[in-house]
Number of protein chains: 2
Amino acid sequence: MRSCVFACLVVVCYAEMFMVDPGPLYPPTKGEVWPKPQYEEKENILYKFDKAQFNFKVIGETCVILLAAVVRYEKLLHQQQDATRAIRRELLRRNMRRRSRSFVTGLLQDINIELTKPCEAYPHLGMDESYNLTVEAESHLKSASIWGILRGLETFAQLFYPSENYNGLLVNATEIYDFPRYAHRGLMLDTARHYVSVANIKTNLDAMAMNKMNVFHWHIIDDQSFPYQSEAFPELSEKGAYHPTMVYTKADIKEIVEYARDRGIRVIPEIDVPGHTRSWGLAYPQVLTECYNDNKIVGLGPMNPISNFTYKLLEDFLHEVQEWFPDEYYHLGGDEVDLECWASNPYLLDYMLHYNVSSVAEFHTMFMERVLPILATRSQAIVWQEVFDEYVPLPEDSLVQIWKSGWQKEMNNVLESGLGVIFSSEWYLSDVKLGGDWEKFYIFDPRLHVEDKTLLHKVVGGEACMWGEYIDDRNFISRVWPRASGIAERLWSYASLDWDKKDQEIDDMETMRQRIEEHACRMVRRQVPAQPPNGPGFCVA
Amino acid sequence: MRSCVFACLVVVCYAEMFMVDPGPLYPPTKGEVWPKPQYEEKENILYKFDKAQFNFKVIGETCVILLAAVVRYEKLLHQQQDATRAIRRELLRRNMRRRSRSFVTGLLQDINIELTKPCEAYPHLGMDESYNLTVEAESHLKSASIWGILRGLETFAQLFYPSENYNGLLVNATEIYDFPRYAHRGLMLDTARHYVSVANIKTNLDAMAMNKMNVFHWHIIDDQSFPYQSEAFPELSEKGAYHPTMVYTKADIKEIVEYARDRGIRVIPEIDVPGHTRSWGLAYPQVLTECYNDNKIVGLGPMNPISNFTYKLLEDFLHEVQEWFPDEYYHLGGDEVDLECWASNPYLLDYMLHYNVSSVAEFHTMFMERVLPILATRSQAIVWQEVFDEYVPLPEDSLVQIWKSGWQKEMNNVLESGLGVIFSSEWYLSDVKLGGDWEKFYIFDPRLHVEDKTLLHKVVGGEACMWGEYIDDRNFISRVWPRASGIAERLWSYASLDWDKKDQEIDDMETMRQRIEEHACRMVRRQVPAQPPNGPGFCVA
């Protein structure tokens, strides 16, 4: 039935322009949810929304997260109604009255929000995000989890669309049962190559919530700058930040973590060690290894793995970070360690002789074996794939983030070792072309490439990665969205691409394009400056 | 001398971070002008700017364009001083006082602006943009042309930079004599695939002025939409615009043309005919050719070249466009005409038989031979290269815009025919990768590839082309800038790349990168959200 409703709309649209066929290339759908719900049935029964007569009613458990969400979504629907009416006035002013061909059955009255279990304090890996939503005169949203309620409210808001005469918002009678395929649906942002403002990080969290992504992986520092403002070691950012104003204070981090929590998004900090650490050296050169060439020091490399000072500083520093970020997981980094620098240092070479260290790579193991216990008091570890590749023993609940090419072999090796996988190799937003590449991200599904199907559940999810070389506050949001939306739907929705239908073609890429066209405009309407996804087109309120 | 001043600054900077070497990858220069002036000598004598004591004095001819420019640049310098002082206050608040190592010789007092000839009404091809600028306590800017004065004021403003302690703005004693290499330095924007707001078009004109670009080539309509709101034919945009609010009215166009004129920028409209015209067909299907397949009409193609209605409509329409755009040149388009549609139409085939037309391509000639005289009453023509390739006879002052690959042969053919060239093939901003590609644009110089050196002057310039498939108000500016700055400097400055030094390597790409890093931040400070050009880095006020 649902496909009928939308096919009809599309036919009307095409009929008018068949002979001429100007833009847009893909006319947006109306009220289609992104990412696509697991089970959804829409009927050709239309309800009208009137903000003066519609109520959000909380009928089960409640908490501040829920009440804040109700306020947000109520405001959003009110704004959308106002924006729609403003277009109508503009059209009338220009004597361009439009007729509405829709037959409206009745008025949308309430939505009853029924949370059946008490709220959890913070989102977490494996949290319940499922919900049931029935839209009719008296609508109903039900979930056993606050996180499911948040996802359901987002879905509810996405079902509305302006009537053809812009007289108001309409919604179809709809039945939805929904839950995610992958538990970990993340976006990694690098705030070290360029600083990104707190305001923009929050806008990005808004966009993630609109796409039902649930992990903000914050690659907060790197070689180039140290914007994390530690209270225990203030000199790190005083000397290592690009500029005194380009820091994240404890208050900023609290604000971001709570803003994310209110949207069901985990914030996982990454303090990348022992490589990618040059910016530490501005305040504490002694934590870095001196790299030698021709018996001369030529620069500073990765952290010094044989210095107790390194570990003492890390212990205090990492405990502070753990305290500021409540998530159970912590990203330790571990990528691209410059082993050649270690191999050039006479003190490390001496150490190898005395302590029977057979290869320089063992320093990576040694380093991680001292750092992992620091974290283990409170967090489980996520690491970049090199930590696994260099045979560092990892606790069994650790997750390995795969980012290099040759990922197929790597993924299966990690799974066979019993560890879990976060997939990123095919989802680098910082690569590739200027537009239209969301499809490339969309059609990739890591679970399709798992050999031992009993291990499918150990691919816990994936992350879109946005490295910071060519983005800052000016272009970050428009570059990420809606490109990351392709990844978001892949990770949430049970699509025709799923592994048991491996040979099936993507049956309806046209529909996807129309749906993401609507979704990009939806983001624009909600103050997320998403770029055009498909080619020629336009967004109105 | 100049190189010494800046080498010293760089050494100080590097010395502090040598061992650690974090970001930014290319520390920005201070007060370096982009595009680089032809002759420039800077001394190690520093003047301080104080807005309370500095005056712009007009000592020669004057006009509204000049007075408006003085107001703009005065405001700009005042804002920059205020922004610099705000940083100082912020640093003091954080107890991060900085010392200034600069020795300031004195206060900058006045700039005497001496225009020696009366203002021209509008900028034009071949206008005089040369100027002399001496910066010392009593500075002097002199030009025989209002356009030279505008360029000189921009240069003057770019010479200032914040002192190390952010106490104010400094400027070096400087002597500049400057003029452009190429007369036509343009940016083409497509507002048909996506609508771009008037506000953003004006921001883009600001950015063009900062880069001394002097032609806004406005590809205003295309197949996908018809945002030009004609007074003679209002139905064209009523039916052909994406949305009633997405149009350019006569008042909008006037506003844009005057805004551009005030910045020494020509606005050249392109109403692309006879192809790329599907959006005309929503209001006037009869101007388009019916394309046939299997004796059935399957759609509408290029304009109908044998219908008198087409030419009558074009005559009235194009005269209106000419009236609204005062430039002497007019872009007629002429690219990618679908000859197959013409070849499928039985009426055209009939016509060929009766009138002895030997090939379908001759319809293109026929079409242009009727349209060119319509324009000739007031304008000279610019056309895309296909018009030349399809042997359409062109008046001798016409310019051919080269955009395809195989441009070397094409360019030399056009030049040998006696026509002038506008070059674009290597300067498509809508192609290629996400960042860092300004260098590819920068190192290309069309005159290097001209075989007959006596025809060099006939390569009048070039244009950066931004097609609209993947840009709209959300990302247009950050995608264009500072990528187009590479092209702007190539077209303005006499660089080491010039043809008589063909074998010389680009001697100092490092310096270019530092200079464009400053220039991108300069644009950001002036409300143009330029993206990062080079990799890791940051901008402060």
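Is B:Cys521 buried or exposed, and what is the relative accessibility of B:Cys521? At 6% relative accessibility, B:Cys521 counts as buried. Here buried means under 20% relative accessible area, exposed means over 50%, and partly exposed lies in between (1.4 Å probe, protein chains only).

## Basis of the report

This is a predicted model, in which local features need pLDDT of at least 70 and side-chain atom pairs count only at pLDDT 80 or more, while totals for chains, interfaces and linings use all residues. Residues are numbered from 1 along each chain as its sequence is written, chains are lettered from A and ligands numbered from 1 in the order in which they are written, and side-chain values use heavy atoms, with hydrogens and water left out.

## The interface of chains A and B

The size of an interface is often given as the accessible area lost when the parts come together. Between chain A and chain B the buried area is about 4900 Å²; this is the accessible area (1.4 Å probe) that the two parts lose on being put together, summed over both. Carbon and sulfur atoms give 66% of that area. In terms of contact (heavy atoms within 4.5 Å), 64 residues of chain A meet 63 residues of chain B.

The count of salt bridges between chain A and chain B is zero. A salt bridge is a side-chain nitrogen of Lys or Arg within 4 Å of a carboxyl oxygen of Asp or Glu. The interface has 13 residue pairs in polar contact, both residues at pLDDT 80 or more. A polar contact is a pair of N or O atoms within 3.5 Å; within protein, one must be able to donate a hydrogen and the other to accept it, and residues adjacent in sequence count only if both atoms are side-chain atoms.

On the side of chain A that touches chain B, helix H2 (64-93), strand E13 (296-303) and helix H14 (476-480) each supply at least two residues. Strand E13 of chain A gives the most, with four residues. Helices (H or I, at least four residues) and strands (E, at least two) are DSSP runs, numbered from the N terminus. The residues of this side divide into 32 nonpolar, 17 polar and 15 charged. In this grouping Ala, Val, Leu, Ile, Met, Phe, Trp, Tyr, Cys and Pro count as nonpolar, Asp, Glu, Lys and Arg as charged, and the others, Gly among them, as polar.

## Disulfides

Over all chains the count comes to six disulfides, a disulfide being a pair of cysteine sulfur atoms within 2.5 Å. When the bonded cysteines of chain A are numbered in sequence order, the pairing is 1-2, 3-4, 5-6. One of the disulfides joins A:Cys521 to A:Cys539, with 2.1 Å from S to S. This link is left-handed, with -80° about the S-S bond. A:Cys521 lies in helix H16 (residues 509-525) of chain A and A:Cys539 in the segment after H16, so the pair ties together parts that are 18 residues apart in sequence. A:Cys521 is buried, at a relative accessible area of 5%.

In chain B, a disulfide joins B:Cys521 to B:Cys539 (S to S 2.1 Å), and this link is left-handed with -80° about the S-S bond. Another chain B disulfide joins B:Cys291 to B:Cys341, with 2.2 Å from S to S. The link of B:Cys291 and B:Cys341 is left-handed, at -90° about the S-S bond. This pair links distant parts of the chain, 50 residues apart: B:Cys291 is in strand E12 (residues 288-293) and B:Cys341 in helix H8 (residues 339-344). Both B:Cys291 and B:Cys341 are buried.

## Salt bridges

The structure holds 52 salt bridges over all chains. One of them joins A:Glu90 and A:Arg93, whose closest N and O atoms are 2.9 Å apart. Both residues lie in helix H2 of chain A, three residues apart, about one turn of the helix. A:Glu90 is partly exposed, with a relative accessible area of 21%, whereas A:Arg93 counts as exposed at 60%.

In chain B, B:Lys42 forms a salt bridge with B:Glu32, the closest N and O atoms being 2.9 Å apart. B:Lys42 lies in strand E1 (residues 39-49) and B:Glu32 in the loop between helix H1 (2-17) and E1, so the pair ties together parts that are ten residues apart in sequence. B:Lys42 counts as buried at 1% relative accessibility, and B:Glu32 is buried at 4%. B:Asp190 forms a salt bridge with B:Arg193, with 3.0 Å between the closest N and O atoms, and both residues are buried. In chain A, a network of salt bridges links A:Asp190, A:Arg193, A:Asp222 and A:Glu469.
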